[in-house]
Number of protein chains: 2
Amino acid sequence: MSDLGARQLAALSELACLVADGTATRRSQLAQVTGLSRAAVAQRVDLLVARGLLVETETVATERGRPPLTLRLAADALICAVDLGATHVRAALTTLDGAPLAETIREIDINDGPQRTLTGVHELTGELLAEAGRAPRHLCAFSIGVPGPVEAETGTVIRPPIMQGWDGYRIPDFFADRYDATVLVDNDVNMMAFGEYSHRRHLRHLLYIKVGTGIGCGIISNGVLHRGASGAAGDIGHIPLHGHEDVLCHCGNTGCVEAVASGAAIARALREAGLPAAGGRDVVRMVYEGNPVARRQVRLAGQQIGEVLASLVSFHNPDAIVLGGVIAQLHEDLLADIRGVIYRRALPLATRTLAIETSALGERAGVEGAARMAARHLLSTEGIERLLMQPVR
Amino acid sequence: MSDLGARQLAALSELACLVADGTATRRSQLAQVTGLSRAAVAQRVDLLVARGLLVETETVATERGRPPLTLRLAADALICAVDLGATHVRAALTTLDGAPLAETIREIDINDGPQRTLTGVHELTGELLAEAGRAPRHLCAFSIGVPGPVEAETGTVIRPPIMQGWDGYRIPDFFADRYDATVLVDNDVNMMAFGEYSHRRHLRHLLYIKVGTGIGCGIISNGVLHRGASGAAGDIGHIPLHGHEDVLCHCGNTGCVEAVASGAAIARALREAGLPAAGGRDVVRMVYEGNPVARRQVRLAGQQIGEVLASLVSFHNPDAIVLGGVIAQLHEDLLADIRGVIYRRALPLATRTLAIETSALGERAGVEGAARMAARHLLSTEGIERLLMQPVR
């Protein structure tokens, strides 16, 4: 019985996805493509329309008889995609098919804790809805990237190295009292990786490397986000670089690549050289100004990051490595050294078609990925199951 | 039209898989579970029976009316699973549901090249068929693991570091003249990883590490074998260990973990200490005999392999690491050091549920994985498509 339920949900999900990607937009086409009977298609499409996920409209009238009815995703169903960083929040309101309606960015301090930070997100959502002329009841999903490890099934933050006061906090609970919406939470770098992958659908295996205050990685394997057994996959910042055993990392180990080659580490090296660099943004500015010491430090960081990536290329054999984060703005300086080390150290078979490039989406990668992930989730069996309990209004 | 074809194939594949795993073994159950009409189920099941993949038999007669007909996989359809090593070939004949009919092992030299080696496999297959009382026409798949990189789509060996004379050789061509069977070829370590995974289906992410003459890794991500962009994934033998820059590897780089900590490397270290060790098997024997120098070298190798694995655990966050290969027979000595380094160096979140153990299947992991992979392939849309062109006889 429960297996039957799961298969019915799978059929509903398949129909919704076929409409979403434009493969079939009429009932007759859905019957033809799926092999389901017309009656079975009718029953399922009626349900998806009644629950507000699909709308059916008349297209151009033909001379003979009734005009055909065309199905599409409801434009009323909205996603709020949120990228929480250490010092900023970016939020975007989109439709299910990814069309952006409104977007904004604001400075925050993530260490203010969950209540204050998420209250800010709640206010921002209200502003975006007002700007787009929509109501809270139109929101069917929040999709939130946070700068720390997350148990994706429950949306709980787990032992984050930054994010004071968030350990064990279950983010969906905050929104449950305020909206009737699905809440997805994931690590911010996972969201960014999914965003970059969504723009490169011809690829199957992608590593997104964020070089900002820290260093992290999002992994796409066989077209699927790889979170790992406990949601910790891609946490490459603490892979050791040998020859740097004197550098203490905040994790308690020594020589971690994040402690040696991140934006924060480069800035510290510049301060030790007497230059006024508070963080990664100052590093970027100094390189733009032509400061040779800053440039030298960035190139060294490129070699060190390249060493770690060469091993990961041999292991994972990706189609592409995409570099993001504030330091990746320095692509000319950073990429040359990273590429040099990877091509020298990884196996030829693993690098012969490897693309190594900087982010196409830049600072929007996080919200882009969050919106795409929510859309995919809402059309999945799990999303459809929830929809049957709580229709889109 | 081609999309319609693909969906029909998917429906056939789904029906075959439901019968294979026992979810539905009657036509009425298949209709109920899939939501397909009875007529659609009948048409598809008739096709699968006519092509020889399924058989339909009467079960116990009931008092009222005709006994129900039960579907199952044809016992006539056989798989020949082959594990080619540098110095041995192991071959097993199994049914589609994995039941072993006959199995054998023989010494070879892979450097004799493809013609001589595969002629040996061909002869071995004949012996296995004779032993099981079956004919070549019953073989619907060969599934072969080889000790080198493979382009899995074409079954072509690509730049193998061992396997002299095999570079660019397309293995399925050898069998095409001799059998009407699908030929799957993959790296031996991938086959072993799939074998171990098949025995631990509750896990989603598994790394299989083979420590033999070389060091290699097979990767399961989200329940799927991860081959990477060019089939090179898991080639971890050439990840550098720092502090060993004086050790030259056959790949032309220095300090590769395979050059420092493999069975061949441990044997070389023992020879340098004046002990008569030709390869990994001698190392194992000496440790069993209680030789403290051999034991010391194995423990050192465990620490060095552990260093590489700690980084891979942070990156991939597997549920389990399974160690195989000849050196893994020394589990007490090897595991303690590998575990020690991983728990010390990888992040706590990534190790809190991590199992680190030795192979459950031992030397049978390769043929077990090859057989399972072939069965999965034969029931997939691709396998069904081929079946429609070439029925099982």
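This is a predicted model: local features need pLDDT of at least 70, side-chain atom pairs count only at pLDDT 80 or more; totals for chains, interfaces and linings use all residues.

**Entry 1: how the chains meet**

I started with the contact, which takes 50 residues from chain A and 50 residues from chain B. I counted two residues as in contact if their C-beta atoms, placed from the backbone, lie within 7 Å. On the side of chain A that touches chain B, the elements giving two or more residues are helix H1 (2-20), helix H2 (27-34), strand E11 (215-221), helix H10 (292-316) and helix H12 (348-351) of chain A. Helices here are DSSP runs (H or I, at least four residues), strands likewise (E, at least two), and both are numbered from the N terminus. Sorted by class, that side of chain A has 21 nonpolar, 21 polar and eight charged residues. For the classes, Ala, Val, Leu, Ile, Met, Phe, Trp, Tyr, Cys and Pro count as nonpolar, Asp, Glu, Lys and Arg as charged, and the others, Gly among them, as polar.

Residues are numbered from 1 along each chain as its sequence is written, while chains are lettered from A and ligands numbered from 1 in the order in which they are written.

**Entry 2: symmetry**

Next I superposed the copies: a rotation of 180 degrees with 0.0 Å of shift along its axis puts chain A on chain B, with an RMSD of 0.1 Å. That is the relation of a two-fold axis. The same surface serves both copies, as 100% of the contact residues of chain A recur in chain B.

**Entry 3: the five-stranded sheet of chain A**

In which order do the five strands of the open sheet of chain A run? I read E12-E11-E10-E13-E14, with mixed pairing. Two strands pair if DSSP finds at least two bridges between them. Strand E12 (224-225) and strand E14 (355-358) of chain A are the edge strands, each pairing on one side only. Within the sheet, strand E10 (residues 206-211) and strand E13 (residues 320-324) of chain A run parallel and are joined by five bridges. Lys210(A) has Gly324(A) in E13(A) as its bridge partner. H10(A) lies across E10, E11 and E13 of chain A, at about 165 degrees to E10(A). Such angles run from 0 to 180 degrees between N-to-C directions, with axes as lines fitted to C-alpha atoms, for helices over the stretch in contact.

I then followed the loop between H10 and E13 of chain A, where Asn317(A) is found. Asn317(A) has a positive phi of about 50 degrees although it is not a glycine. Is Asn317(A) buried or exposed? Asn317(A) is buried, with 27 other C-beta atoms within 10 Å. My cut-offs: buried at 20 or more other C-beta atoms within 10 Å of the residue's own, exposed at 12 or fewer, and partly exposed in between.

**Entry 4: helix H9 of chain A**

Just after H9(A), Gly290(A) takes a positive phi of about 90 degrees.

**Entry 5: strand E6 of chain A**

Last, I checked strand E6 (residues 139-146) of chain A, which is mostly covered: eight of its eight residues are buried. Strand E3 (residues 78-84) of chain A pairs with E6(A) in the parallel sense over six bridges, and Val82(A) stands opposite Ile144(A). Strand E9 (residues 182-187) of chain A also runs parallel to E6(A), joined by six bridges. There, Gly145(A) has Asp186(A) in E9(A) as its bridge partner.

Methods: Copies are superposed by least squares on the C-alpha atoms of residues with pLDDT of at least 70 in both.
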